[in-house]
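The exercises below are meant to be worked through with the coordinates open.

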Amino acid sequence: MFSVEGGVLRITDGERETFNSALPQLNLIPDAAITLTDYSITFPDLWKGTFYWQRRRTVGGGIPGFPTTDEFACATYAALVGQEWGPDKAAPHNLPDITLGTVPEGTDYLDVMVNLTRTVDPALRLMVSIESFFPQGEWVKLEGGSCNIEGVHPLERLFEIILEGTNVILRRRQSVSENGDYRRQAGLANSENELRYFAGTNAPRDGNKFASFGERIQEKGWDDDEAHRPPGYEQGSISNDPCSMNYSSKNYSSVWTGNIIIIPGRVGALP
Amino acid sequence: MAIVFMTSRATSQAAIFEEAPGGGDADDPNSLCNRPLLHPVEWLANIFFHTDLDYYQVALGPTDVEIEHPVVPGKTTNMGSVVSVTHIGQRIPLDHPLVEHNLGYVPRYMIVWNGSVLPPATIIQLEDSNRKRVVTPYATETHIHLYESGFSSNVTLPAVTETYSVIVFKAPVAGGENLFDFERATGRVVLGGGKFDSDLLRLRQASDSAASPFDIPLGPTVDIANGAVRTVLPDGTTYEESNYNGSFMGSPSIECEVT
């Protein structure tokens, strides 16, 4: 039934009201859709230093007359410092917004579907991959436009597809916790068993702050004919062969590639 | 301004709209007051229904589906040899088919959980020690699925049973030529050759008397800070991991219903 009463147009089907001009439906504009094919969403590498774990142990000596022996080992890890990245952050943590396209005036709603696959994997958290909560290669509807796409403590990443005026914006954020595993400190100078932090770009030493273990860089030992102490902490008379401290070899950038369909629409407001 | 229902045989358009300013012959589609009929995108705010636009027409549902999310056992993994480092916890992914729609294409959908439409990667279970369960709905050409990731610590993540209301939408299609058809015997109204059919369900903003309204977000629902997540669902329900130190309060939302 079609009726107009009190300035309101209504359509009813039996007892059911199927249309009411005072209760707008969400209208979509398919001809104004923004379609992106093989589009890549990139998250940059993180700022990090190096954790250097030097070890020494004494073996033997359990049988009288047989001497003890000192053995040495080391392990190095990328060390992720606390950091926040986004469009509102200054360099070196700025992730600028990206304009994906424009939509008609009056748009106040976006219907966003994405089908993405991670084509560049970030380095590991210890020996565990940075997990994704996302069904890769499948079509996902982004209610509200936001997507927490990957993360394992201490790292989280998200992207948003949002409306600003008539611009459709891709916004990215990444965050590493300040509540890390160990202090970013040099440790005791003469200690043989010590976990030391070495600075990286935009990741200085600061004993009041923490870093989190990332992927292991290298491991050496146990050896009794050479030590494995870090540079600057060589002691004793035997040769020293340190573990690599090349944190740059562990890249935490991440790339998601696929198709995105954005249909603008209008919700309007209740009168 | 008046609410108008008008058709244009010349352009095969039909619309329900609020008059535009400018006056003119109310019966002439070319009058200034009737510009929303011929130019709907330029007069988007005036449009209630238009054959040139799509809307969320219901293909299937709302259908309630109960899912038993299983236990994720606690785990500690020793890593390394010369240096022992322990990784706490594990992640177990799992896929749950929710409904079969068999539309032959990937449709729009909405999953309603506890009165809110479910955004992707929503935390539906949060326990201490970073234990959580995160779900993301997705669609294929035949089904709607729920992809979950359950995270334990050294402590087990307990099982939980949740009910999801699944709505599958289709793009409305015009199949006939009549721009307006009214069946007196049944009261059925068809506009735009079937683009609007009062026999079919659609999504709209909820009335005060709606039986089961649900909230749809109009902006972001997730924030991250200090390596942790805060989710604010459109009904205001909040899940926040312990390390989160941001100030995200959620986004505006609208209350909707299927009718």
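**Exercise 1.** Which order do the strands of the open sheet of 3 strands in chain A have, and is their pairing parallel or antiparallel?

*Solution.* The model is a predicted one, and in it the 3 strands of this open sheet follow the order 1-2-3, with antiparallel pairing. The next step is to look at the edges: strand 1 (2-5) and strand 3 (16-20) of chain A each have a single partner strand, so one side of each is left without a neighbour in the sheet. From one strand to the next, the twist averages 30 degrees. Finally, strand 2 (residues 8-13) of chain A is joined to strand 3 of chain A by 4 bridges in the antiparallel sense, and Asp13(A) has Arg16(A) in strand 3 as its bridge partner.

**Exercise 2.** Describe the hairpin of strand 6 and strand 7 of chain B, and then assign the side chains of strand 7 to its faces.

*Solution.* Strand 6 (residues 76-79) of chain B runs antiparallel to strand 7 of chain B, and 4 bridges join them; Asn78(B), for instance, has Thr86(B) as its bridge partner. Between the strands lie 5 residues, and in this hairpin Gly80(B) takes a positive phi near 95 degrees. In a regular strand the side chains alternate between the two faces of the sheet.

**Exercise 3.** Characterise two of the aromatic pairs by their geometry, and place their rings in the chain.

*Solution.* A pair of aromatic rings is described by the distance of the centres and the angle of the planes. Over all chains, a search of the whole structure finds 17 aromatic pairs. One of them, Trp47(A) with Trp85(A), is stacked, at 5.8 Å centre to centre and with 20 degrees between the planes. This pair links distant parts of the chain, since Trp47(A) sits in the loop between strand 5 (34-43) and strand 6 (48-60) of chain A and Trp85(A) in strand 8 (residues 83-85) of chain A, 38 residues apart. Trp85(A) counts as buried because its relative accessibility is 6%. The pair of Phe5(B) and Phe180(B) is tilted, with 5.1 Å centre to centre and 55 degrees between the planes. These two residues are 175 residues apart, Phe5(B) in strand 1 (residues 3-8) and Phe180(B) in strand 15 (residues 180-183) of chain B. Phe5(B) is partly exposed, at a relative accessible area of 25%, and Phe180(B), at 37% relative accessibility, counts as partly exposed.

Note on methods. Residues are numbered from 1 along each chain as its sequence is written. Chains are lettered from A and ligands numbered from 1 in the order in which they are written. This is a predicted model: local features need pLDDT of at least 70, side-chain atom pairs count only at pLDDT 80 or more; totals for chains, interfaces and linings use all residues. Side-chain values use heavy atoms; hydrogens and water are left out. Two strands pair if DSSP finds at least two bridges between them. Rings of Phe, Tyr and Trp (its six-membered ring) pair if their centres lie within 6.5 Å; planes under 30 degrees apart count as stacked, over 60 as edge-to-face and the rest as tilted. Buried means under 20% relative accessible area, exposed over 50%, partly exposed in between (1.4 Å probe, protein chains only). Axes are lines fitted to C-alpha atoms, for helices over the stretch in contact, and angles run from 0 to 180 degrees between N-to-C directions.
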